[in-house]
Amino acid sequence: MAFFQAKSTSAASKHFVDPAHQPWVEKYRPKTIDDVSAQEHTIAVLRKTLVSTNLPHMLFYGPPGTGKTSTILALARQLFGPDNFRNRVLELNASDERGISIVREKIKSFARQTPRAQAVASDGTVYPCPPYKIIILDEADSMTQDAQGALRRIMETYARITRFCLVCNYVTRIIEPLASRCSKFRFTPLDSTSTSSRLSHIASAEHIDVSPEVISTLIETSGGDLRRSITYLQSASRLSSSTNPPVPITPHDIQEIAGVVPTAVINDFAKTLGVSVVEDMDVDDLPTNWKLKGFNAVQKKVKGIMREGYSASQTLSQLHDTIILHPTLPARQKAKCALAFAEADKALCDGADEELWVLEVGLRIHKAVTTS
Amino acid sequence: MRRRAMGLWTTRYAPQSLKEICGNKGQVDKLQQWLHDWSDSSKCGFKKPGRDAMNVCRAVMITGPPGIGKTTSAHLCAKLEGFAPIELDASDACKWDEHQQPVVRWMDGWVETMRQTQQESESPIRRVSSWTKSTACPLVTGGVGALNAFIKTKIPVICIANDRGAQKLKPLIANTFGMTFRRPEAQAVRSRIMTIAYKEKMKIPANVVDQLISGSQSEIRQVLNMLSTWRLSSSSMDFHEAKNLAKINEKYTILTPFDVTYKILGPYAFGPNVRETLGDKMELYFHDHSFVPFLIQIKHTENYLKTQPVKVRNLEGLPKMLKQLELMDQAASSISDADLVDALIHGTTLVIDAIACGVFDGGGYGGQNPMTFPRWLGQNSKQNKLSRQLGDVQVRMRLKVSGDKHEIRQSYIHALFPHIVKPLIDRGAAAVDDVIERMDGYYLSREDWDTVVELGVDTQKDDVVNKLIKPTTKTSYNSTDHPIPFHKARDLRKVPKKLLGGPAPDLEDVFDLDDEVVDVSDDEKKKVKDEDEVAADKLFQTSKPKTQSRKGKTTTVKGKKAQNFM
Amino acid sequence: MSLWVDKFRPKTLDDLHYHQSLSIRLKSLAASADFPHMLFYGPSGAGKKTRISCTLRQLFGSGVEKLKIDQRVFISPSKRKLEINIVQSNFHIEITPSEAGNYDRVVIQDLLKEIAQTQQVDLNAKHRFKVVVINEADSLSRDAQAALRRTMEKYMSNMRIILCANSTSRLIAPIKSRCLLMRVAAPNPEEMQTVLEHVAKKLKFDLPEEASQQIAEDSGGNMRKALLVFEALKMQSPDLSGSLTIAKPDWEIYCHKVADLIVQEQSPARVLEVRAKLYELLAHCIPPTIILKTIAERVVERVDEAMKADVMHWAAFYETRMRLGNKKIYHLEAWVVKVMSLYKHFMYNFDMADFE
């Protein structure tokens, strides 16, 4: 019972985080739109709005981690300055309640308020500070249809004093009436050069040594999502610096953090299935259970993978990449394998047993590759 | 009293003579005869059965489907025999209450009035009380009892009801002569209807009338109502109009789930000569859409293997085997499909649901099958019970052990068996102390021991095990104490906390947490807790002297342990 | 007096016998001020819970070992009584929300809010936060996971969450991105043998190499199972020499019997027999997936190579259906019938092939 006894209320506000422990994603977020990398078209358009201060309702869409939220936040900061930012900008993301009731209360009441007169900026710079407010709805595609519907009217009614910016991944999930009220801006996936330069910049700012292999592993495992790469980098540095003396970060660490199955394991599995893997053409490197053939070999290998605790969907996803992108497998065999992968993905989404489906996929690949 | 009322044809054309009554001729004659003989029978104390064996009864119970002429016949017979019938029905029930007394008094008072009137006038006026009661009547049993008592008075009573088998009517059955009225044949009804139609200047050919009659299942009242409504807009009707009209006015009789199941899975439900369309069969499903698919599913799956499919009857030997297996495979996999459909779309697209469950199951593998009670239900409840008990075991063991429920079942139960069950088998009562010690290590109690045994399968099955343990061992085990790691909340009478359901948030990924984290003041919380706990806490009862255990050690161990875990 | 597996369970990170790198990491994380939310995942019996308790001990000292069980009763909106068991110490609390079934979200929100409202009692505690351990995290419903996500963000200052799961597949991405993933793989046979020898030494008897190898292989990477089997074996044959037969659990033997029945005869009567046995297993709380897998593996041992892939294919197929459907027995039976049909057809073709 002692566990639940209340003590004096702590003054610690729940959002207060020690700067040393602040997520790097927040710490290194671009402060101006010029800092945002790799979205030339969008930035050009937005730069103009800074000058003319006539902002439309906006819809930013694109894959995650490409800079959508950063852009709008940077823009808002440049428009209003840090002092007015708090009372001119409302940000709601997927972690906040955004049901229809909140739309009706919170958003509406914020949208209604006339913008307060601009205070003189404390840092001396003059901000454009146009006479409207901005509401940012992050991850808007997870709002229900009803909530989105309730937004339409608000957007229209208060358009003079409030501009909306919706940020989402799938523009198809935004209802048509809403999308038609906004100008759409597409955010393209980042290319690896800009990503790696950004990561190196952060690493040096935080005084961490990272080798080029680590950077490329970071880019690989995050799939074009800069936010993810930065988060992995932070976790990796946390782990490595926790020991004394700090251990350098290796690509393997990144893979563990990302929950990615090591390439060696995938290649080994592929080999057992009869898919020759180009990289290791070592003749001496025979599969350890050469004695077992066919079914038993595959079964044993699958059990081994499961014992390592790797996620089945992750394993299959990587195996899929290996096979489908294989340089020499005939297309017909690839097609048969693709079918197996698709069925397994559906089954795993439905919560089926992992081992059975990895085995099933393995056996089907084995059959496709060794027969026909 | 003949009432030429304005609207209702049913009253306007109520039969005035026995000839005009449609159907049930024999019954009506008997009724009239009984009434005729009633006073004679009452004079000789209802001893002589009479021609139809009816005269031993003081009262008659007429049962049958609605709208076929029960009440009409009763009134008519009474009038013809010179009685002035008094009718009481469910709406009069409000005058009655549960107690017999006021009811009987009311009737007695009325009877008294009647008798007085009778004495005053010269002609014998006898009263017949006709009591209409439908099965839906909310009269409490007291009412039926009162009626029973009333029957013993000096007037003929005719009771009218719909369902002879109704529970409420049981007391009455013994005292009355039961008369079942059936739905009249179409010809019987047709001529009457034609006559009425003619009188109302409607042009309706005979086959159309037949359609109306069959559509309403010979319910004359219904037909008259339909016609009178139709008459307001048109004076003629053709075949299709009749059919539609009948269909619209169709009444749903509620079949029990068992009836439905029999209809769907019956021997000839899918034979070549069946007239019901697929649509009709699906309609059957809706009689009880939650239970019917369940019942069909279970009954069919449990029974499909016991029949021989029609398709293999002509084969022999290996081809027969193979074909049979193929069909079994198809049946089993469509049962699997049906379960999936049921799980995924239950409650939304019931129509498809109906097809899948009813038709797939009932269709492919038709054959004779005896209806046995579903085994699934029993096994399911057994599983739930054991699962709960297993949960209890796991909770107790949690202080020491890391596994979840399944791990406990699969590894630990088997591993504990040689330590807590086998010794009792091998060494009998001498092993009790060791067993208790082992169990104490995991805070297991007597119920948990039972659970461990109940969960065993195969060689460790509970009946096998229980046979091997001598009764003396059992008793000596039962007489020793176990320490308790914690009391179940329900034993402590703790107040359960209500979970606020609330509407499901209409956002996919988000649920609200209150923004303010309010700190309850320390003292308040503690005070409330103390008062409640001490009063309600069973553990604080003044301890009775504990039953003498075999080793004094056990008691002290218990005490010490109990302290730690409160 | 408890079984060896519980008696000799390591209490500190230093006592752990395998996955040294993991232990080093955990130790340093516990020492640092920046302890993150964590997710321990891996197969059953690999040592996740053991590692979690060792980590807790590293964080808070031996006070975490004084455990209490509390039982809370909730009334669900549908008026059902839910009894939730909480194991706690002064520094941490351990819950299994999936006990609440469909109401796990509400239980999580209630409990976590309560915890977040309070401060650490012991001002001398090394850390200001309290730890919540959530077991069977992969059986959490999506709603519960979403609620958890919000909590993890909001109450970072005075609460840390440690999740324990068998696999990460069923956890939503936002939860995984907020936790440090700790993969606890099953120990390999050599590592298991080390543990067995350690226990034998503590109990002061000799463990022959052959026996320990056999035990390690039989258990399939499940350390808990290995130790339980070890103890049972020792009771059975005290000197552990010669060839040993490891007794299988009652349900496993039963499943093997079922498999044998399927392979021996394929007929409606046989299916009915099998059905009765399947009911027996289900009613005695063996999870349906385990039943299917165990029987399938045994069937596969006894059929021809050409059929093995098919048997497993249908096993995967019907297992998925079992998850989605309501009545597990139907899908199990459908698989049995399918296998029988396949088997018969296979044998038939085989026979016919002989005559040609």
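**View 1. A salt bridge between two helices of chain C.** The side chains of C:Arg298 and C:Asp260 pair up in a salt bridge, 3.5 Å from N to O; the term here means a side-chain nitrogen of Lys or Arg within 4 Å of a carboxyl oxygen of Asp or Glu. C:Arg298 sits in helix 12 (residues 288–302) of chain C and C:Asp260 in helix 10 (residues 250–264) of chain C, so the pair ties together parts that are 38 residues apart in sequence. Helices (H or I, at least four residues) and strands (E, at least two) are DSSP runs, numbered from the N terminus. C:Arg298 is partly exposed at a relative accessible area of 24%, while C:Asp260 counts as buried at 16%. Buried means under 20% relative accessible area, exposed over 50% and partly exposed in between, with a 1.4 Å probe and protein chains only.

A quick note on the model: it is predicted, local features need pLDDT of at least 70, side-chain atom pairs count only at pLDDT 80 or more, and totals for chains, interfaces and linings use all residues. Residues are numbered from 1 along each chain as its sequence is written, chains are lettered from A and ligands numbered from 1 in the order in which they are written, and side-chain values use heavy atoms, with hydrogens and water left out.

**View 2. Two further salt bridges inside chain C.** C:Glu265 forms a salt bridge with C:Arg270, and their closest N and O atoms are 3.0 Å apart. C:Glu265 is partly exposed, at 32% relative accessibility, whereas C:Arg270 is buried, at 10%. C:Arg72 and C:Asp70 make another salt bridge, with 3.2 Å between the closest N and O atoms; both of these residues are buried. Zooming out, chain C has 14 helices and seven strands, and 63% of its 356 residues count as buried. Take the contacts (heavy atoms within 4.5 Å) in chain C between residues at least 6 apart in sequence: 69% of them join residues at least 24 apart.

**View 3. Where chain A meets chain C.** Here 53 residues of chain A are in contact with 58 residues of chain C. The pair buries about 4,800 Å², with 56% of that from carbon and sulfur atoms; buried area is the accessible area (1.4 Å probe) that two parts lose on being put together, summed over both. Seven salt bridges are counted between chain A and chain C, and one salt bridge joins A:Glu256 to C:Arg183, with the closest N and O atoms 2.9 Å apart. On the chain A side, helix 9 (226–242), helix 10 (251–258), helix 12 (294–308), helix 13 (312–324) and helix 15 (354–370) each supply at least two of the residues that touch chain C. A network of salt bridges links A:Lys303, A:Asp353, A:Glu355, C:Lys293 and C:Glu297.

**View 4. Where chain B meets chain C.** This time 86 residues of chain B are in contact with 95 residues of chain C, and the two chains bury about 8,600 Å² between them, 57% of it on carbon and sulfur atoms. The rule finds four salt bridges across this interface. B:Glu407 and C:Arg224 meet through their side chains in a salt bridge of 2.7 Å, N to O. Several elements of chain B each supply at least two residues of the side that touches chain C, including helix 16 (375–397), helix 19 (432–441) and strand 6 (497–498). Helix 14 of chain B gives the largest share of that side, 17 residues.

View 5. Chain B averages a pLDDT of 65, and 53% of the residues score at least 70; pLDDT is the predictor's confidence in each residue, from 0 to 100. Where pLDDT is low, the predicted coordinates should not be read in detail. Chain B has 24 helices and six strands, and 44% of its 566 residues count as buried.
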